[in-house]
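Please open the structure in your viewer and keep the sequence beside it, so that each selection can be found in both places.

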Amino acid sequence: IKGESLCNVYSANEFLTRVNLMSAYKFPEYHTPVNIGEHALVIGGGNTAIDAARCALRLQKINGIEPDVKIIYRRTETELPARRLEIEHAKEEGIKFKFLAQPKEFFSNDKGFVQKLNCLSCRLGDADSSGRKKSIVLEGTDFSIPCDLAIIAVGLNANQVLSGATPDLKTDKYEDIIVDPKNMETSIKNVFAGGDIVGGEGTVIDALGMAKKAAVGMLQNS
């Protein structure tokens, strides 16, 4: 959406990497800072969104800020893809949820730092291919939510630079790499792939299992 390049708008990957792997919460003892605002928004509804929201709330507490973290999701709680236990724990910790809201555009102050998010209200329609009900935007229902920290946690698509530079590499309609599920070999002999790039379930365990299959396939082909 418009405004994603504003200051203090992070991807969930960057935010969580800075906090958990680079000790951003100990700046300046460690040299990788992360900015924590008084009003944090997380866009998304998966486990990563929950992780990011809870990290942001804890950082607010560490910095003496009154906790205010909201998760923005375009469907209802019933359709949230995050694990039920994660959702309940987030609520217990103080995370707020704004459902049936479609982010439209970020706005900044005069220094280029995010200041608010404009959204549109939604309603649920018929179920889509995932089995969840579609989110239908209601035009003319604009509203704004203040935020000085925003985290985008809506998932990632395959990097098309790889497939574009490798025409022999077969991909599906989502640009995910097609592999033989027995050994994870791609359409190019002795080239293997696994994890999210082949449309995995999105968990580390799933990716590790694919890597083990690929390793066996490599040994058998050697």
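The stops below each begin with something to select.

**Before you start**

This is a predicted model, in which local features need pLDDT of at least 70 and side-chain atom pairs count only at pLDDT 80 or more, while totals for chains, interfaces and linings use all residues. Residues are numbered from 1 along each chain as its sequence is written, and side-chain values use heavy atoms, with hydrogens and water left out.

**Stop 1: the whole protein**

Show the protein as a cartoon and look for 5 helices and 9 strands; here helices (H or I, at least four residues) and strands (E, at least two) are DSSP runs, numbered from the N terminus. Followed from the N terminus on, the elements run β-α-β-α-β-α-β-β-β-β-β-β-α-α. Along the principal axes, the C-alpha atoms fill a box of roughly 60 × 50 × 35 Å. Of the 222 residues, 37% count as buried, where buried means under 20% relative accessible area, exposed means over 50%, and partly exposed lies in between (1.4 Å probe, protein chains only). Contact means heavy atoms within 4.5 Å, and among the contacts with a separation of 6 or more, residues 24 or more positions apart account for 56%.

**Stop 2: helix 1**

Select residues 12-20, which form helix 1, and colour Ala12, Phe15, Leu16 and Val19, the buried residues of this helix. Seen down the axis of helix 1, these buried residues fall within an arc of 90°, so they line one face of the helix; the arc is that of the directions from the helix axis to the C-beta atoms. An α-helix has 3.6 residues a turn, so residues three or four places apart point the same way. What covers the buried residues of helix 1 includes strand 1 (9-11), helix 2 and strand 9 (149-152).

Leaving aside neighbours within four places in sequence, Leu16 is in contact with Leu21, Thr48, Asp51, Ala52 and Cys55. Leu16 and Thr48 are 32 residues apart in sequence, and their C-alpha atoms are 8.9 Å apart in space.

**Stop 3: helix 1 against helix 2**

Axes are lines fitted to C-alpha atoms, for helices over the stretch in contact, and angles run from 0 to 180 degrees between N-to-C directions. Helix 1 and helix 2 are therefore oblique to each other, since angles under 35 degrees count as roughly parallel, over 145 as roughly antiparallel, 65 to 115 as roughly perpendicular and the rest as oblique.

To see the contact itself, show the side chains of Ala12, Phe15, Leu16, Val19 and Asn20 in helix 1, which meet Thr48, Asp51, Ala52, Cys55, Ala56 and Leu59 in helix 2.

**Stop 4: helix 2 against helix 3**

Next select residues 84-93, helix 3, and compare the direction of its axis with that of helix 2: the two axes come within 10 Å and cross at roughly 20°. That makes helix 2 roughly parallel to helix 3.

**Stop 5**

Which residues of helix 3 are buried? They are Ile87, Ala90 and Glu93. They cover an arc of only 125° around the axis, which puts them on the same side of helix 3, whereas Leu85 and Glu92, on the other side, are exposed. Helix 2 and strand 4 (96-98) are among what covers the buried residues of helix 3.

Centre the view on Ile87, which counts as buried at 1% relative accessibility. Not counting residues up to four places away in sequence, Ile87 touches Ile50, Glu77, Leu80, Ala82 and Phe97. Just after helix 3, Gly94 takes a positive phi of about 115°.

**Stop 6: a loop residue**

Finally, select Glu38, which is placed in the loop between helix 1 and strand 2 (40-43). Glu38 is partly exposed, with a relative accessible area of 48%, and, not counting residues up to four places away in sequence, Glu38 touches Gln60, Ile65, Glu66, Asp68 and Asp148.
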